[in-house]
Amino acid sequence: MAINEETKIDSNNEEQASGHQEVGHKSLLQSDALYQYILETSVYPREPTPMKELREITAKHPMNVMATSADEGQFLNMLLKLVNAKNTMEIGVFTGYSLLATALALPEDGKILAMDINRDDYELGRPIIEKAGVAHKIDFKEGPAMPVLDEMIVDGKYHGTYDFIFVDADKDNYINYHKRLVDLVKVGGLIGYDNTLWNGPVAAPPDAPMAKYVSYYRDFVLEFNKALAADPRIEICMLPVGDGITLCRRIN
Ligand code: SAM
Ligand code: CA
């Protein structure tokens, strides 16, 4: 949909009228109604029951804003099938919505190395993942991802072995993750970096008012997006799904 000034004005009015409600933070679309339409027409009717259950449990979590949105979950699930992913990694699990979307997409012998500094949130989703019959694909490691990646790099046998890697964790480390992940992903494999549009302020003037944490991470996201665009080892595609996901395909 083309976004013109009229649409923006309409959406502003709508935003004021609706208070931007619960869907506002989940999409960069200029109208909540349009986003709701996508969810109701094409996402919720096809959302697997375990994903719905996990989404509903996560909605009660005080930090539910961190969860992957249902439309992005559907996108990841299809993307993984399209690239025939088998060996995958996820950095930043939270309660496991994107992890479950991944696990459901992989073949029976597919694998996900899943890392998060917080096991408690993962424990909320784990019973649903088990009930869905896909827990055997997941190797969850509690703790910061960086030392694990460093060990894998030193070890040497993991180079060029990953079909797909999803990064949805500490944005100030994305550039450091990328330095390692570009070696670990296969040539022809994909890395997806989440939140690369940082809810919109990446395009705001530097003096625009924004919350402290938004402005702090924004600087890292801006630098990271520039670095990806200049990296000759990958092809990139930035998609306005969820909060923005940049897909990187390793080419050498
Ligand atoms: N992908 C998740 C989903 O679908 O709901 C959302 C992940 S949430 C946005 C970010 C997660 O990154 C949090 O659970 C946080 O504990 C984790 N995290 C933060 N720093 C990390 C680090 N250094 N290593 C691993 N995980 C980290
Ligand atoms: Ca995210």
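A residue is taken as near a molecule or strand if one of its heavy atoms lies within 4 Å of it. In this predicted model, local features need pLDDT of at least 70 and side-chain atom pairs count only at pLDDT 80 or more, whereas totals for chains, interfaces and linings use all residues. Residues are numbered from 1 along each chain as its sequence is written, chains are lettered from A and ligands numbered from 1 in the order in which they are written, and side-chain values use heavy atoms, with hydrogens and water left out.

Around ligand 1 there are 19 residues, of which Thr 68, Gly 92, Ser 98, Asp 116 and Asp 168 come nearest. Polar contacts are pairs of N or O atoms within 3.5 Å; within protein, one must be able to donate a hydrogen and the other to accept it, and residues adjacent in sequence count only if both atoms are side-chain atoms. A polar backbone atom of Gly 92 is 2.9 Å from a nitrogen atom of ligand 1. A backbone N or O atom of Ala 145 lies 3.1 Å from a nitrogen atom of the ligand, and a polar side-chain atom of Asp 170 lies 3.1 Å from a nitrogen atom of ligand 1. Taken alone, ligand 1 exposes 610 Å², and the protein buries 89% of that. Accessible areas come from the Shrake-Rupley method with a 1.4 Å probe; for residues, only the protein chains shown count as cover.

The chain comprises 9 helices and 7 strands, these being DSSP runs numbered from the N terminus (helices: H or I, at least four residues; strands: E, at least two). Of its 252 residues, 44% count as buried, that is, under 20% relative accessible area, with exposed over 50% and partly exposed in between (1.4 Å probe, protein chains only). The accessible surface of the chain comes to about 12800 Å², 56% of which belongs to carbon and sulfur atoms.

In helix H3 (residues 49–58), the buried residues are Met 51, Leu 54 and Thr 58. They lie on the same side of H3, because they cover an arc of only 65° around the axis; the arc is that of the directions from the helix axis to the C-beta atoms. Their cover includes helix H4 (70–82), helix H5 (97–105) and helix H6 (119–131).

Most residues other than glycine have a negative phi. Asn 195, although not a glycine, has a positive phi of about 65°. Asn 195 is placed in the loop between strand E5 (185–194) and helix H9 (212–229), and counts as buried at 12% relative accessibility. In the loop between E5 and H9 there is also Trp 198, with a positive phi of about 45°; at 11% relative accessibility, Trp 198 counts as buried.

Conventions
Contact = heavy atoms within 4.5 Å.
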